[in-house]
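Thanks for coming. I have one chain to walk you through this morning. Let me put it on the screen.

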Amino acid sequence: MARRLEQRLENFPLLKRDEGLLAMTKAAVVIGQSFLKASTRTDQNIPLLAEKKGIERLQEYDSGLVIRGKKFREELSWDDLAKAGTYVLVHGVNGYDNYQNGLELWDVSIASVKDNKLQAGVVFVPEFNKLYYGRIGEGVYLNGHQLTDPLIQRPLRGALIEVTDLFPINTPDPRVARAVMAARKTILELKDKHQIEPRNLQSGGYSLGLVAEGGLAGYMSAWTGISNLPAGVALCRARGMNVLTTEGNKWQPNILGVLVTHVPEFSEMAQRNYRDSN
């Protein structure tokens, strides 16, 4: 399935005239294929080898700076990225625990940044053969079909919402601790006051793709890794959505948390809980 998808990419709308985005989609599919073909899902080298294949495909188009999530965590700082300004972020697998346990909810996420501004994103969900891609100002596509249905504001009642609070509350970073506390308050409020059980797909790129598609009404994450969420954020922005931090500010790659939703009441709740957390 993924192989056939890769062969069709050059004929997909937008990709036919956007070589950079085409290279990103090809890289995402190559990485996804590598994960699917692995004989075991517990080998810790799988993500490194898969990302390497994808980066090689990217660099067939452009030899510019490519940053993989693991490399950033080990070697680079936010200041390094700010100085670089222009680069591509590759996150080989969002939802690695899901992948290792044979679950379907994992994705490959790739984002491009130019002059320190998010430009485009690709999220590939191999198990479902779903490929989201988009460039800010150019719209979002799913398997070659542009997402054009109006994204209308929704009531909170019955909404499908995801909230993640993956970091321990005793983290030494006070901003992270505050964001985690806000996420946990929001989870409790959704459950106790609104009888909503928040989702946690553990596949951030796919979750944000679903928000852009309209299948998920809102997404809140207490923390943003350098490479795992920017691609999904780019999709939401390309769809015309306002993506905030948990603090209520405009989201940028080096700012804490992500908040994006079709439900105004949920946005107000999340930001209130952040203000009230200390």
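Start with the buried side of α10. Its buried residues pack against β8 (161-164), α7 (174-194), β9 (218-221) and β10 (258-261). Contact here means heavy atoms within 4.5 Å. Buried means under 20% relative accessible area, exposed means over 50%, and partly exposed is in between, with a 1.4 Å probe and protein chains only. Helices (H or I, at least four residues) and strands (E, at least two) are DSSP runs, numbered from the N terminus.

Before I go on, the ground rules. This is a predicted model, where local features need pLDDT of at least 70 and side-chain atom pairs count only at pLDDT 80 or more, while totals for chains, interfaces and linings use all residues. Residues are numbered from 1 along each chain as its sequence is written, and side-chain values use heavy atoms, with hydrogens and water left out.

Back to α10. Which of its residues are buried? Phe 266, Ser 267, Met 269, Ala 270, Gln 271, Asn 273 and Tyr 274. The helix covers residues 264-276. The expected span of a helix is 1.5 Å times one less than its number of residues. For the 13 residues of α10 that gives 18 Å, and the end C-alpha atoms are 18 Å apart, which agrees.

Now turn to α7, one of the partners of α10. The helix α7 has 21 residues. From first C-alpha to last, α7 reaches 29 Å, close to the 30 Å expected. The buried residues of α7 are Val 176, Ala 177, Ala 179, Val 180, Ala 182, Ala 183, Thr 186, Ile 187, Glu 189 and Leu 190. Their cover includes β8, β9 and α10.

What happens just after α7? Gln 195 takes a positive phi of about 55°. Most residues other than glycine have a negative phi. Gln 195 is not a glycine. The residue lies in the loop between α7 and α8 (204-213). With a relative accessible area of 62%, Gln 195 is exposed.

Asp 115 is another case to look at. Its phi is positive, about 50°, although Asp 115 is not a glycine. Look for Asp 115 in the loop between β3 (107-114) and β4 (117-125). Buried or exposed? Asp 115 is exposed, at 56% relative accessible area.

Next, helix α2, residues 19-37. Its 19 residues should span 27 Å, and the end C-alpha atoms are 27 Å apart, which agrees. Of those 19 residues, 16 are buried, so α2 is largely enclosed by the rest of the structure.

Take Leu 229, in the loop between β9 and α9 (230-238). Leu 229 counts as buried, because its relative accessibility is 1%. Leu 229 and Ile 110 are 119 residues apart along the chain, yet their C-alpha atoms are separated by 9.0 Å.

Val 113 is 121 residues away from Ala 234 in sequence and 9.8 Å away in space, C-alpha to C-alpha. What does Ala 234 touch, not counting residues up to four places away in sequence? Leu 118, Ala 120, Gly 121 and Ile 136.

Arg 154 sits in the loop between β7 (145-146) and β8. At 29% relative accessible area, Arg 154 is partly exposed. Its C-alpha lies 9.8 Å from that of Phe 266, 112 residues apart along the chain. Leaving out residues up to four places away in sequence, Arg 154 touches Gly 214, Leu 216, Ala 217, His 262, Val 263 and Pro 264.

Last, the whole chain. There are ten helices and ten strands. The C-alpha trace spans about 50 × 40 × 40 Å along its principal axes. Buried residues make up 56% of the 278. Among contacts between residues at least 6 apart in sequence, 62% join residues at least 24 apart.

That is the tour. Questions, please.
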